[in-house]
Amino acid sequence: MKYFIAADHAGIEVKNFIKDLLTKKGHEIEDLGPFNTSRVDYPDYASKVCTKVLENNDSMGILICGSGIGMSMAANKFDGIRAALCHNEYSATMARQHNDANILCLGERVSGQGMIEAIIDSWDKAKFEGGRHTQRVDKINALSKMGSCRV
């Protein structure tokens, strides 16, 4: 599997940890930055990863910031991206199996390396189940095409 990975300044340590984990599992990793802890804006890096995932079939992305929240919010603005913020193995498995998530979001300040390793293992092993979940994923994808509604 090809993974595109990026972080903001608050996710550099975990980004490097995940790169090592996935490389040991035999995956191809493309690090889209940043490469130091100087302050950056997470939407810029979410955009880089989302664009690459959309351009490369059968690839996935991983985004890390302090909480994972900002990255997941930014990533989910992209049509065709289903980014899941996961804090445990169960949510990572369900995100893949039931929601066909193509980007994993993590928070460096929220999860320790042991939990992150367990999340990565669960994410990596899980596959989209299809079936009844396909209709639901299609409905999620359709939402981004509806545009914004104002009340």
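The model is predicted.

**Overall build**

- Along its principal axes, the C-alpha trace spans about 40 × 35 × 25 Å.
- Of the 151 residues in the chain, 46% are buried.
- Take the contacts between residues at least 6 apart in sequence: 69% of them join residues at least 24 apart.
- The chain exposes about 8,000 Å², and carbon and sulfur atoms supply 50% of that area.
- There are 19 positive and 19 negative side chains, and the centres of these two sets lie 5 Å apart.

**The nonpolar cores**

- The largest nonpolar core has 22 residues. Those with the most contacts inside this core are Ile18, Ile62, Ile64, Leu104, Leu106, Ile120 and Trp123.
- Which elements each supply at least two residues of this core? They are the strands β1 (2-7), β3 (59-65) and β5 (103-107), together with the helices α1 (12-24), α4 and α5 (113-125).
- Helix α1 gives the most to this core, with five residues.
- Leaving aside its neighbours within four places in sequence, isoleucine 120 is in contact with Ile18, Leu21, Leu22, Ile62, Leu104 and Leu106.
- A second, separate core has 18 residues, including Phe4, Ala6, Ala74 and Ala75.

**Two residues and their partners**

- Glutamate 89 belongs to helix α4, which covers residues 89-97. Its relative accessible area is 33%, so glutamate 89 is partly exposed.
- Not counting residues up to four places away in sequence, glutamate 89 touches Met115, Ala118, Ile119 and Ser122.
- Glutamate 89 and lysine 15 are 74 residues apart along the chain, and their C-alpha atoms are separated by 18 Å.
- Glycine 80 sits in the loop between α3 (69-75) and β4 (83-85). At 25% relative accessibility, glycine 80 also counts as partly exposed.
- Which residues does glycine 80 contact, leaving aside its neighbours within four places in sequence? They are Leu54 and Asn102.
- Glycine 80 and asparagine 141 are 61 residues apart along the chain, yet 6.3 Å separates their C-alpha atoms.

**Backbone details to look for**

- Most residues other than glycine have a negative phi, and most peptide bonds are trans.
- The peptide bond from glycine 33 to proline 34 is cis, with omega near -15°. Proline 34 lies in the loop between β2 (28-31) and α2 (42-55).
- Aspartate 58 has a positive phi, near 60°, and is found in the loop between α2 and β3.
- Is aspartate 58 buried or exposed? Aspartate 58 is exposed, because its relative accessible area is 70%, and the cut-off for exposed is over 50%.
- Aspartate 100 has a positive phi too, near 50°, and its place is in the loop between α4 and β5.
- With 21% relative accessibility, aspartate 100 counts as partly exposed, because buried means under 20%.

Key. Residues are numbered from 1 along each chain as its sequence is written. This is a predicted model: local features need pLDDT of at least 70, side-chain atom pairs count only at pLDDT 80 or more; totals for chains, interfaces and linings use all residues. Side-chain values use heavy atoms; hydrogens and water are left out. Buried means under 20% relative accessible area, exposed over 50%, partly exposed in between (1.4 Å probe, protein chains only). Contact means heavy atoms within 4.5 Å. Accessible areas come from the Shrake-Rupley method with a 1.4 Å probe; for residues, only the protein chains shown count as cover. Lys and Arg count as positive and Asp and Glu as negative; His and the chain ends are not counted. The place of a charge is taken as NZ of Lys, CZ of Arg, CG of Asp or CD of Glu. Helices (H or I, at least four residues) and strands (E, at least two) are DSSP runs, numbered from the N terminus. A nonpolar core is a set of buried Ala, Val, Leu, Ile, Met, Phe, Trp, Tyr and Cys residues joined through side-chain atoms within 4.5 Å.
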